[in-house]
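Here is a short report on a single protein chain. Look at the structure first, then read on.

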Amino acid sequence: MNTLRAALLVLACASTPLALAQWQWVDKDGRKVFSDQPPPASVPADKILKRPGSRPAVAAEPEAAPAAPKAAAASAPKVTGKDKELEDKRKAVAAAEAEKKRQHEEEVAKARSENCTRAKQAKATIDSGVRLTVTNAKGEREIMDDAARAAETKRLQVVIDRDCKAS
């Protein structure tokens, strides 16, 4: 039993370097990339920040320490935490949606205005007392009686109340 435990301990200690086999580099967009695979050939060597089995560059000499942060700061890309292209795309989509919504509202307003005008004209015609005819389901013309005239007046008034609010 002790030999099994010892073997497992040795195996766990031996596999630790494999878990640390990570590559780290800065891609062409300035973002850090972490992978267990080496970077593509298009990535220059100075953009590779960490290789498996090596440690990140740390100043070994005390007098080199002040110069290293300045050089690293000058060559390292500035990371803001935001992807500018993604933000630009989001803004463009939001602007397109706002424009689409505005156009839809204009179309609805135009349709309401036209409905209002037509309803007012139809109501004026009905209120004039002129004899009106309607076509029934069989395609025959019938003269509108007082009940039909009252129902049509009521329907037109509903349309006027709904669509003529802003006018």
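A salt bridge here is a side-chain nitrogen of Lys or Arg within 4 Å of a carboxyl oxygen of Asp or Glu. The model is predicted. Lys-123 and Asp-127 meet this rule, because their closest N and O atoms are 3.0 Å apart.

**Overall fold**

The chain has four helices and five strands. Along the sequence they run α-β-β-β-α-α-β-β-α. The chain holds 167 residues, and 13% of them count as buried.

**Salt bridges**

How many salt bridges does the count come to? The total is nine. Side chains of opposite charge can pair when their charged atoms come close.

| Pair | Closest N to O distance | Relative accessible area |
|---|---|---|
| Arg-90 and Glu-87 | 3.4 Å | Arg-90 49%, Glu-87 28% |
| Lys-123 and Asp-127 | 3.0 Å | Lys-123 18%, Asp-127 47% |

Start with Arg-90 and Glu-87. Both sit in helix α3. They are three residues apart, about one turn of the helix. Arg-90 is partly exposed, and Glu-87 is partly exposed as well.

Next come Glu-99 and Arg-102. They too lie in helix α3, three residues apart, so about one helical turn separates them.

Then return to Lys-123 and Asp-127. This pair is in helix α3, with a spacing of four residues, again about one helical turn. Is Lys-123 buried or exposed? Lys-123 is buried, because its relative accessible area is 18% and the cut-off for buried is under 20%.

Pro-40 belongs to the loop between β2 (32-35) and β3 (48-50). Its relative accessibility is 46%, so Pro-40 counts as partly exposed.

**The disulfide**

How many disulfides does a search of the whole structure find? The search finds one. It joins Cys-116 to Cys-164, with an S to S distance of 1.7 Å. The angle about the S-S bond is 115°, and the link of Cys-116 and Cys-164 is right-handed. Cys-116 lies in helix α3 (residues 84-127) and Cys-164 in the segment after α4, so the pair ties together parts that are 48 residues apart in sequence. Cys-116 and Cys-164 are both buried.

Arg-162 is part of helix α4. At 43% relative accessibility, Arg-162 is partly exposed.

**Surface patches**

Which residues gather in a patch of negative charge on the surface? They are Glu-140, Glu-142, Asp-145 and Asp-146. Asp-146 belongs to helix α4 (residues 146-163). Asp-146 is exposed, because its relative accessible area is 66% and the cut-off for exposed is over 50%.

A nonpolar patch also lies on the surface. Met-1, Leu-4, Leu-8 and Leu-11 form it, with about 470 Å² of accessible area together. Met-1 sits in the segment before α1 (2-19). Its relative accessible area is 69%, so Met-1 is exposed.

**Recap**

Helix α3 holds the pair Arg-90 and Glu-87, the pair Glu-99 and Arg-102, and the pair Lys-123 and Asp-127. Cys-116 lies in helix α3 too, and a disulfide joins Cys-116 to Cys-164. On the surface, Glu-140, Glu-142, Asp-145 and Asp-146 make up a patch of negative charge, while Met-1, Leu-4, Leu-8 and Leu-11 make up a nonpolar patch.

Terms used: Residues are numbered from 1 along each chain as its sequence is written. This is a predicted model: local features need pLDDT of at least 70, side-chain atom pairs count only at pLDDT 80 or more; totals for chains, interfaces and linings use all residues. Side-chain values use heavy atoms; hydrogens and water are left out. Patches are made of residues with over 30% relative accessible area and no salt bridge: like charges are joined within 9 Å, nonpolar side chains (Val, Leu, Ile, Met, Phe, Trp, Tyr) within 5 Å. Accessible areas come from the Shrake-Rupley method with a 1.4 Å probe; for residues, only the protein chains shown count as cover. Lys and Arg count as positive and Asp and Glu as negative; His and the chain ends are not counted. The place of a charge is taken as NZ of Lys, CZ of Arg, CG of Asp or CD of Glu. Helices (H or I, at least four residues) and strands (E, at least two) are DSSP runs, numbered from the N terminus. Buried means under 20% relative accessible area, exposed over 50%, partly exposed in between (1.4 Å probe, protein chains only). A disulfide is a pair of cysteine sulfur atoms within 2.5 Å.
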